[in-house]
Amino acid sequence: MQEEMFRISSNLQQKISSEQAFHYRIVPVSEDEKGLLFKTDVRPLDGLLAELNIVLDTDVLLEPCDSEELERYLTTNYRIGTKNTSSTLGYTNDFLEKILHNAKGLGSSDIHFEPYETRCRVRYRLDGKLLEQYSIPIGDYPTMVNKVKIRANLDIAEKRLPQDGRITVKNGTDEFDIRVSTLPTLFGEKIVLRILSRDTGSVELAQLGFSEKELERYREGIKKPNGIVLISGPTGSGKTTTLYATLKLLNTEDTNVLTIEDPIEYTLEGINQMQLKENIGLDFASSLRTFLRQDPDIIMVGEIRDVKTANMAIRAALTGHLVLSTIHTNSAWGTISRLIDMGVPPFLIASTLNMSVAQRLIRKLCNNCKQKVALDKDLLPKQFTVPKEWTHHFKPVGCPKCHQTGYAGRKAIYEILPVDSDLSTAIKQNRLEIDDYLKKRHIATLRSNAIEMVQQGITSIDEVYSLLIN
């Protein structure tokens with residue numbers, strides 16, 4: 001993509017902060033014994049040069065460029081967060097704290113610390129994609145690892161085994177949690193920090209990506225007093241967010257809601273949330289067994305991982321409770337096949353499953369720069385049959401508003417499969433081919449929803465290519 005032409009190394013990026021880059025209209029492009037070379041569109045250069053020599057405390061060189069070129073450099077390499085990010089991100093004693101607040105301010109979901117032979121790179125996951133932001137000298141990296149471990153109450157002496165922990169970060173009124181995972185690798189411990197927002201104000205079902213018909217169908221499934229609702233999809237597809245939005249809707253004064261999660265990603269007032277602790281025997285199955293003695297109305301299980309948990313969820317549903325959970329499968333019907341493969345009897349699935357939902361998260365095209373072009377069939381899978389009315393699509397271009405990526409924000413797409421009497425019969429008879437049933441009931445699949453979003457110009461063919469293959 002064009003953005004790669006303007007990408008600078010993370011070593012150069014962290015020479016100045018985002019605020020300094022945009023304020024002074026400068027971008028570092030190289031460094032040698034003469035000093036640090038910046039591109040700028042500021043004229044004249046003398047006043048800026050004198051100020052930068054003082055502010056940055058280093059020898060500065062300036063190279064003039066036009067405003068359009070500089071804007072591309074700025075928006076490709078630097079982002080201004082919604083909240084105040086750190087003033088400078090060179091490697092200092094408070095580097096970890098600055099990274100945490102900087103990532104949160106930019107809307108990053110994960111921070112990756114990855115050690116290699118001569119350096120450690122730091123990457124943020126922004127809109128589902130990893131982007132390198134900073135570099136840490138490999139000699140300083142063990143200190144960074146220990147700082148993270150101490151904050152997360154992990155064993156700093158244990159470097160051979162993976163560890164998991166949690167950090168609470170407070171900065172004035174801003175407070176958020178971070179899930180910590182360490183992994184031994186060839187050159188040191190890799191660390192991934194998952195930023196968990198405590199703010200559920202924006203978590204609403206109507207804002208997640210359901211169509212009107214899908215939302216109505218989903219609401220009907222979760223309003224039943226008992227049964228199981230399963231949401232499937234790969235890691236990072238937004239399953240947990242959909243679950244929390246569902247719980248937020250169902251959380252009323254006359255309802256007892258219990259959850260067992262790993263980890264607790266949002267905190268919801270009025271809901272009794274429990275953290276999974278497998279090291280002391282507190283797993284999903286044993287928690288469910290205890291939950292049944294807590295007079296629950298609604299139970300949320302973070303994930304159905306094995307037949308033991310699946311059987312306990314079915315038992316809870318059979319005894320008059322509504323159970324919500326997630327499972328890793330590729331489609332709504334694949335969830336049912338997965339349960340059967342796990343050893344759950346088909347007649348129990350047919351009598352307890354209210355609804356199976358599959359979802360994916362896809363990046364939305366930037367409305368400011370997306371470009372309408374004639375449909376190029378070479379971009380589509382070979383076996384894909386192109387509808388006659390499909391003559392155009394939109395492609396990502398890149399502009400300052402989307403940091404030259406061509407995309408801005410993400411949206412969930414769903415496949416909702418309610419279990420009615422006909423489908424219940426098919427499950428009992430273990431009939432795995434239901435294409436005719438889906439067409440008869442006008443149930444939109446992930447594939448059909450993906451095609452519609454491309455036709456409407458919401459996303460690109462590249463973003464949904466994997467869904468078009470199936």
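Me: Aspartate 422: buried, exposed or partly exposed?
Reply: Aspartate 422 is partly exposed, at a relative accessible area of 37% (buried is under 20%, exposed over 50%, partly exposed in between, with a 1.4 Å probe and protein chains only). This is a predicted model, where local features need pLDDT of at least 70 and side-chain atom pairs count only at pLDDT 80 or more, while totals for chains, interfaces and linings use all residues. Residues are numbered from 1 along each chain as its sequence is written, and side-chain values use heavy atoms, leaving out hydrogens and water.

Me: What forms a salt bridge with aspartate 422?
Reply: Arginine 441, with the closest N and O atoms 2.4 Å apart (cut-off: a Lys or Arg side-chain nitrogen within 4 Å of an Asp or Glu carboxyl oxygen). Aspartate 422 sits in helix 13 (residues 421-428), and arginine 441 is in the loop between helix 14 (435-440) and helix 15 (446-455), 19 residues apart. Helices are DSSP runs of H or I, at least four residues, and strands are E runs of at least two.

Me: And the accessibility of arginine 441?
Reply: 25% relative accessibility, so arginine 441 counts as partly exposed.

Me: How many salt bridges in the whole structure?
Reply: The search finds 21. One of them joins glutamate 63 and lysine 39 at 2.5 Å, N to O. Glutamate 63 is in strand 3 (residues 60-64) and lysine 39 in strand 2 (residues 35-40), so the pair ties together parts 24 residues apart in sequence.

Me: Is lysine 39 buried or exposed?
Reply: Buried, with a relative accessible area of 9%. Glutamate 63 is partly exposed at 30%.

Me: Which residues are linked in a network of salt bridges?
Reply: Glu114, Arg121, Arg123 and Lys190. Glutamate 114 and arginine 121 meet at 2.6 Å, N to O, and both are buried.
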